[in-house]
Amino acid sequence: MRRQPGITRAEAARRQGLSTGSATEIVSRLRRLSLVDEVPAPSGARGRPTSVLVPHPDGPVVLAIDLRHNGWESAYALLDGEPKPLASGAVAGQDPGRVVARLASAVARARRRFGGRLRAVSVAVAATVRDSRVVQFDTFRWEDVDLAGIVTGGLPLLVGNDATLAGVAEARRGAAKATRTSLHLTVLVGVGGILVVDGAPVAGATGAAGEFGHLPFGDPSSECPSCGAKGCWDLQVDGRALARLLGDPAPPDPYRYTTEVIAAAEGDDWARAAVAHVAGALGRGIAGLVNAYDPEVVTLGGLGPQLVGTAEEAFQNSYRQGLMRFRRGSPPPIIAAAYRQDGPLRGAIELGLDLVVCEAGLSAWSAEQGPGHRTTGSAGRVDRPRTVPQELVTGSEMYEASHRARNQEHQEQRKSNGNKRAEAPR
Ligand SMILES: [Zn+2]
């Protein structure tokens with residue numbers, strides 16, 4: 001259901017190498033556990049009538065929150081991972097305590113609505129993250145803010161960087177879906193991203209990897225106001241670079257400034273030259289990352305596609321010139337991300353669902369589905385309190401869980417491919 005929304009029971013059975021009888025029995029067990037439901041397949045499908053597998057309407061729920069420089073939004077998802085918007089708002093002030101309290105009340109509302117069905121809260125933050133802590137959030141001027149207070153009662157909390165999670169969404173369901181090793185970059189204020197291998201972000205020991213904007217691809221004499229390092233790439237690829245090139249003061253909102261310069265580039269030679277310069281710096285840095293990581297594809301989100309589209313030639317020239325010679329014959333394609341706005345939310349949902357469908361997650365859910373233990377969370381009903389204690393899950397554990405889940409998927413895929421070969425006519 002997650003990999004191929006709308007899959008029929010017949011197709012799922014074929015992929016798993018299951019007989020019709022086994023598939024029927026397994027699906028009915030999953031239905032009893034409120035995990036999977038079936039709806040009639042649209043008529044016109046060839047062959048015998050079958051049904052489409054959908055998430056059970058009373059099944060597990062993941063809450064995802066995207067905290068950005070200018071506000072937040074939340075969405076929930078059932079087992080198919082499709083985000084359904086819940087709430088959004090401005091961030092009133094930047095005081096960490098108030099922001100945490102605001103998000104905590106959003107979680108509390110979701111908990112009242114979904115009861116024990118709410119299995120994990122997964123937060124994407126436009127900031128550098130280590131475990132559940134935000135260690136550097138430039139626009140809020142936060143240093144070391146713990147988000148653990150967003151959840152209570154042992155509900156698992158995942159916290160990830162927005163560009164990292166956008167990369168997860170692209171690799172699993174978006175523009176890099178068909179690949180196993182993809183590099184994602186988001187250009188907003190500065191640039192961040194992640195290498196994703198087999199659907200799992202290569203996020204380092206504490207989840208803080210992928211701070212590509214702080215690679216010293218820039219001017220070694222200038223100190224980065226965000227991180228304190230010298231020569232950061234960040235300062236070459238966003239609105240701050242454009243403003244320097246155009247002789248403007250540092251813009252209060254570099255994102256907005258970039259969109260304005262891009263819009264002006266059509267009829268303004270100076271603006272066009274500035275965008276070309278920035279696009280060149282972007283292409284050069286991506287070449288360095290490709291040399292280092294050897295991805296199959298590079299996905300580009302945020303303002304990246306607009307920058308490239310405005311100065312395609314400058315971008316491509318710098319990209320090719322920065323590549324090692326042996327790569328130039330068939331460089332990995334750089335493509336626009338499939339998810340522009342909701343990539344971080346979708347990635348947060350993906351990693352939250354990994355916790356739900358891992359062995360421990362399914363065991364805990366199943367144990368709660370016995371007679372007298374139903375947790376439907378339907379409107380007007382009061383859910384019983386949770387009985388299975390679940391401790392806080394840290395960033396590194398999150399990535400381990402995600403990695404395990406993906407390995408399992410790949411094993412299944414290999415098995416399924418093996419079955420396909422076995423079935424192929426000679
Ligand atoms: Zn820096």
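## Zinc site

C224 has 1% relative accessibility and therefore counts as buried (buried means under 20% relative accessible area, exposed over 50%, partly exposed in between, with a 1.4 Å probe and protein chains only). C232, at 1% relative accessibility, is buried as well. The model is predicted: local features need pLDDT of at least 70, side-chain atom pairs count only at pLDDT 80 or more, and totals for chains, interfaces and linings use all residues. Residues are numbered from 1 along each chain as its sequence is written, and side-chain values use heavy atoms, with hydrogens and water left out.

C224 (SG) and C232 (SG) coordinate the zinc ion together with H214 (ND1) and C227 (SG), at 2.0 to 2.4 Å. Donors are N, O and S atoms within 2.8 Å of the metal (3.2 Å for Na, K and Ca); water is not among the atoms, so sites may look incomplete. The donor residues follow the spacing H-x9-C-x2-C-x4-C in sequence. The angles among the four donor atoms run from 104 to 116°, and the site is tetrahedral. Four donors count as tetrahedral if all angles lie between 85 and 135 degrees; four count as square planar and six as octahedral if opposite donors are over 155 degrees apart and all others between 65 and 115; anything else is irregular. Ideal angles at a metal are 109.5 degrees for four tetrahedral donors.

Helices (H or I, at least four residues) and strands (E, at least two) are DSSP runs, numbered from the N terminus. Two strands pair if DSSP finds at least two bridges between them. Strand 3 pairs with strand 6 (residues 118-125) in the parallel sense over seven bridges, and V61 has L118 of strand 6 as its bridge partner. Eight of the eight residues of strand 6 are buried.

Strand 3 pairs with strand 4 in the antiparallel sense over seven bridges, and a hairpin of two residues joins strand 3 to strand 4. L63 has Y76 in strand 4 as its bridge partner. Y76 also stands opposite K84 in strand 5, and five bridges join strand 4 to strand 5 (residues 84-89) in an antiparallel arrangement. The hairpin of strand 4 and strand 5 has six residues between the strands, and G81 takes a positive phi near 80° there. Strand 4 (residues 71-77) is largely enclosed by the rest of the structure, because six of its seven residues are buried.

An open sheet of five strands has the order 13-12-11-14-15, with mixed pairing. Strand 13 (200-201) and strand 15 (334-336) stand at the edges with a single partner strand each, so one side of each has no neighbour in the sheet. Strand 11 (residues 181-188) and strand 14 (residues 297-302) run parallel and are joined by six bridges. L185 stands opposite L300 in strand 14.

## Second largest pocket

The second largest pocket has a volume of about 1,400 Å³. Its lining holds 50 residues, of which H69, A126, T139, L188 and V189 lie nearest the centre. The elements giving two or more residues to this lining are strand 3 (61-68), helix 4 (162-173), strand 11, strand 12 (190-197), helix 5 (239-246), helix 6 (254-264) and strand 14. By class, the lining has 21 nonpolar, 17 polar and 12 charged residues.

On a 1 Å grid over the protein atoms alone, a pocket is an open set of points where a 1.4 Å probe fits, with protein on both sides within 12 Å along at least five of seven lines; lining residues have an atom within 4 Å of a point. Grid points are joined across faces, edges and corners, and the volume is the space filled by probe spheres set on the points. Ala, Val, Leu, Ile, Met, Phe, Trp, Tyr, Cys and Pro count as nonpolar, Asp, Glu, Lys and Arg as charged, and the others, Gly among them, as polar.

Most residues other than glycine have a negative phi. D131 is not a glycine but has a positive phi of about 50°; D131 lies in the loop between strand 7 (128-130) and strand 8 (133-136) and is partly exposed at 25% relative accessibility. D294, also not a glycine, has a positive phi of about 55°. D294 is in the loop between helix 7 and strand 14 and is partly exposed, with a relative accessible area of 49%.

P295 is placed in the loop between helix 7 (269-293) and strand 14 and is buried at 6% relative accessibility. P295 and T179 are 116 residues apart in sequence, with 9.0 Å from C-alpha to C-alpha. I349, in helix 10 (residues 343-357), is buried at 0% relative accessibility. The C-alpha atoms of I349 and L78 are separated by 9.2 Å, although the two residues are 271 residues apart along the chain.
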